[in-house]
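Hello,

Here is the structure I promised to hand over. My notes follow below it.

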Amino acid sequence: MKWAGGKGQLLQQLLARMPDSFGSYFEPFVGGGALFFGLSSLGMLKETYLTDVNDPLIETYKVVRDNVDEVIRHLKTHRNEEDYYYHVRASTPRKPETRAARLIYLNKTCFNGLYRTNLQGQYNVPFGHYKKPNFCNEENLRAASAALQGAQIECFEYSDAVSRAAEGDFVYFDPPYQPLTKTSSFTTYSRNGFKEEDQVRLSETFRDLASRGVHVMLSNSDAPLIRKLYKDFKPERVYANRAINSKGDKRGKISELVVRSYR
Ligand SMILES: C[S@@+](CC[C@H](N)C(=O)[O-])C[C@H]1O[C@@H](n2cnc3c(N)ncnc32)[C@H](O)[C@@H]1O
C-alpha cells in the first residue's frame, strides 16, 4: 500500500539502527509496513505482531495473508477509469476478499495514495488520473502474502498491542507525526487524529517498555515537542525526501527524528 508517512524513504536509516538481536517484532502503527517488509525480506523476523487502528487496512493484510489468489482475481476485474473508480468507491462489498481488492484498487488509483474518510467513515479521496497505475501487481501481492505468513495481524490501539511485549523483544513505533506548524495537516490519519496529548502518552509507553528491557525505536517529525519528550534517549536526526507543502507538489529533504532505547 502507498501510505501517508510511509517509511520507504527512511528504510536504510532504520535498518542501520536495529538492535543486534531481538525476540518478537511489534509494529503497532503498521500503515504500509515499510520496515516490516524490509526486515522480512532480510529474513530477520521470527514472531511478528502487526497492528493498526485502521480496520479496513488490517482486514486487507489478513486477506492478503490468507487468500491472495481471491484478492488477485477480484483486482483483475477492476479498471482505471474515472466513472468506474467512483462506482467502486461508493460500493460496500460484503465479502472480505472483495473489500480487500477494493481498498488496494482505490489506494493505487486515487489521488496521491491517500487514505481519508469523511465523518461517516466513507472513503472520500478523488480519482488520481494516473496513466497506468499497477493496481494488480501479482508478483508483489504474492511476495507480500509470503511475508505475512505467520504474522499476527489485529486491529488494536498501540497501547493494547504492546502490552505483551517482553524483555528482549523489539517494538517499532511510527505514529502519525507531530505537526511542525499549526496549519500543517500531517495528522489527518484517522477520524480522531493523533493529538499532542497522544504524543505525550506514547512517550510514556516508550519509557515503560524501555524500563522493562524491550528494545524500542520510534520515528517522528523533528518537532520541539518530540525532542523534549525523548530528550533522555538522545533523538538522532535523519533525512527524508518528503512533500514539503500541503499540496504535495513541492518536495525536499527534511529532517526527522529517530529515537532508540538502546545503542
Ligand atoms: C505514519 S503512519 C505509519 C506508516 C508506516 N510506518 C509505513 O511505512 O507506511 C501511522 C499509522 O498509525 C495508525 N494509527 C493512528 N492512531 C493510532 C493508534 N492510536 N493506535 C494504533 N495505530 C494508530 C494510522 O492508522 C496509520 O496507519
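Which exposed residues does the face of α9 turned away from its buried side carry? They are E197, V200, E204 and S211. Some ground rules come before the rest.

**Conventions**

This is a predicted model, in which local features need pLDDT of at least 70, side-chain atom pairs count only at pLDDT 80 or more, and totals for chains, interfaces and linings use all residues. Residues are numbered from 1 along each chain as its sequence is written.

Helices (H or I, at least four residues) and strands (E, at least two) are DSSP runs, numbered from the N terminus. A residue is buried if 20 or more other C-beta atoms lie within 10 Å of its own, exposed if 12 or fewer, and partly exposed in between; these C-beta atoms are placed from the backbone. Two residues are in contact if their C-beta atoms, placed from the backbone, lie within 7 Å.

**Whole chain**

The chain has 10 helices and 7 strands. Its radius of gyration is 18 Å, close to the 18 Å that the globule rule gives for 263 residues, so the chain is as compact as a globular protein of that length. That radius is taken over C-alpha atoms, and the rule is 2.2 Å times the number of residues to the power 0.38. Along its principal axes, the C-alpha trace spans about 55 × 40 × 30 Å. Buried residues make up 35% of the 263 residues. Of the contacts with a separation of 6 or more, 68% are between residues 24 or more positions apart.

**Ligand shell**

The ligand is surrounded by 21 residues. The closest are G5, F29, G31, G32 and A34. A residue counts here if its C-beta atom, placed from the backbone, lies within 6 Å of the molecule. The shell divides into 10 nonpolar, 7 polar and 4 charged residues. Ala, Val, Leu, Ile, Met, Phe, Trp, Tyr, Cys and Pro count as nonpolar, Asp, Glu, Lys and Arg as charged, and the others, Gly among them, as polar.

**Helix α9**

Back to α9, residues 196-211. This helix has 16 residues and reaches 23 Å from its first C-alpha to its last, close to the 22 Å expected at 1.5 Å a residue. The expected span is 1.5 Å times one less than the number of residues. The buried residues of α9 are Q199, L202, S203, F206 and L209. They cover an arc of only 125 degrees around the axis, which puts them on the same side of α9. The arc is that of the directions from the helix axis to the C-beta atoms. An α-helix has 3.6 residues a turn, so residues three or four places apart point the same way. What covers the buried residues of α9 includes β4 (170-173), β5 (215-221) and α10 (224-229). G213 follows α9, with a positive phi near 85 degrees.

**Helix α3**

Helix α3 covers residues 55-66. Its 12 residues reach 17 Å from first C-alpha to last, close to the expected 16 Å. The buried residues of α3 are L57, T60, Y61, V63 and V64. They cover an arc of only 165 degrees, which puts them on the same side of α3. These buried residues pack against β2 (48-52), α4 (68-75), α6 (96-109), α7 (138-148) and β3 (152-155).

**Helix α7**

E138 and A147 are two residues to look at here. E138 is partly exposed, with 14 other C-beta atoms within 10 Å. E138 and V125 are 13 residues apart in sequence, yet 24 Å apart in space, C-alpha to C-alpha. A147 counts as buried, with 20 C-beta neighbours inside 10 Å. Leaving aside its neighbours within four places in sequence, A147 is in contact with F37 and S40. A147 and F37 are 110 residues apart in sequence and 6.9 Å apart in space, C-alpha to C-alpha.

**Loops**

- N112 is in the loop between α6 and α7. Its phi is positive, near 60 degrees, in a residue other than glycine. N112 is partly exposed, with 13 other C-beta atoms within 10 Å.
- K234 is in the loop between α10 and β6 (236-243). Its phi is near 50 degrees, again positive in a residue other than glycine. K234 is exposed, with 9 other C-beta atoms within 10 Å.
- E157 is in the loop between β3 and α8 (158-161). E157 is exposed, with 12 other C-beta atoms within 10 Å.

Best wishes
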